[in-house]
Amino acid sequence: MADMRACHKGVFGFLARQDLAFVFFVFMLLMRLLELYSWVLLAACIFVNLYAFGILDSRNQIVWKIGVFLERITEPVLAPVRRMLPMPGGMDFSPMVVLLIIQYVLQPGLVSLFRALMSH
């Protein structure tokens, strides 16, 4: 029992090799998910503009399903940001704000947390 406690002291103490591998796996998974969500958000913005300018036809079932999918994935994150931002001239800047938050707040914060966990 004493061996187990010496080997596994927790997150802010000495991390065992298995714990380091798990922390690295979780870090890489979260980074990839943020990267993937950034691409989905960009695709949703492109899709909305193509639809707004009449390039895509919403009567096409595949186009409609893609639009619904992108809206369901992005709207839970964009809606709270839209409520906080003004819409000058009807322009929606919420995707840009979310992308900036991902790039300059979430990803660097995740990297800092990972470095802090690895240094202890």
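How many aromatic pairs does the structure hold? There are two; rings of Phe, Tyr and Trp (its six-membered ring) pair if their centres lie within 6.5 Å, with planes under 30 degrees apart counted as stacked, over 60 as edge-to-face and the rest as tilted. Before you zoom in on them, a word on the ground rules. This is a predicted model, where local features need pLDDT of at least 70 and side-chain atom pairs count only at pLDDT 80 or more, while totals for chains, interfaces and linings use all residues. Residues are numbered from 1 along each chain as its sequence is written, and side-chain values use heavy atoms, leaving out hydrogens and water.

**Stop 1: the whole chain**

Show the cartoon. You'll find four helices and zero strands, in the order α-α-α-α along the sequence. Helices (H or I, at least four residues) and strands (E, at least two) are DSSP runs, numbered from the N terminus. Of the 120 residues, 22% are buried; buried means under 20% relative accessible area, exposed over 50%, and partly exposed in between (1.4 Å probe, protein chains only). Now for contacts, meaning heavy atoms within 4.5 Å: among those between residues at least 6 apart in sequence, 61% join residues at least 24 apart.

**Stop 2: the ring cluster**

Select Phe 24, Phe 27 and Phe 114, which ring pairs link into a cluster. Phe 24 and Phe 114 make a tilted pair, 6.0 Å centre to centre with 50 degrees between the planes. Phe 24 sits in helix H2 and Phe 114 in helix H4, so this pair ties together parts that are 90 residues apart in sequence. Phe 24 is partly exposed at 44% relative accessibility, whereas Phe 114 is buried at 17%. Now look at Phe 27 with Phe 114: this pair is stacked, at 4.2 Å centre to centre and 15 degrees between the planes. Here too the pair links distant parts of the chain, Phe 27 in H2 and Phe 114 in H4, 87 residues apart.

**Stop 3**

Click on Val 98: leaving out residues up to four places away in sequence, Val 98 touches Leu 41, Val 77, Leu 78 and Val 81.

Next, pick Gln 107 in helix H4. Is Gln 107 buried or exposed? Gln 107 counts as buried because its relative accessible area is 14%. Beyond its neighbours within four places in sequence, Gln 107 is in contact with Met 31, Leu 34, Glu 35 and Ile 102.

Hop over to Ile 73 in helix H3, which is partly exposed at 33% relative accessible area. With residues up to four places away left out, Ile 73 touches Tyr 37 and Val 40.

**Stop 4: the salt bridges**

The structure holds four salt bridges, each a side-chain nitrogen of Lys or Arg within 4 Å of a carboxyl oxygen of Asp or Glu. Select Glu 75, Arg 82 and Asp 92. The closest N and O atoms of Glu 75 and Arg 82 are 2.5 Å apart, and Arg 82 meets Asp 92 at 2.8 Å, N to O. Arg 82 lies in H3 and Asp 92 in the loop between H3 and H4, so that pair ties together parts 10 residues apart in sequence. Shared partners join Glu 75, Arg 82 and Asp 92 into one network.

Another salt bridge runs from Arg 59 to Asp 57, with 3.1 Å between the closest N and O atoms. Arg 59 is exposed at 73% relative accessible area, while Asp 57 is partly exposed at 36%.

**Last stop: the surface**
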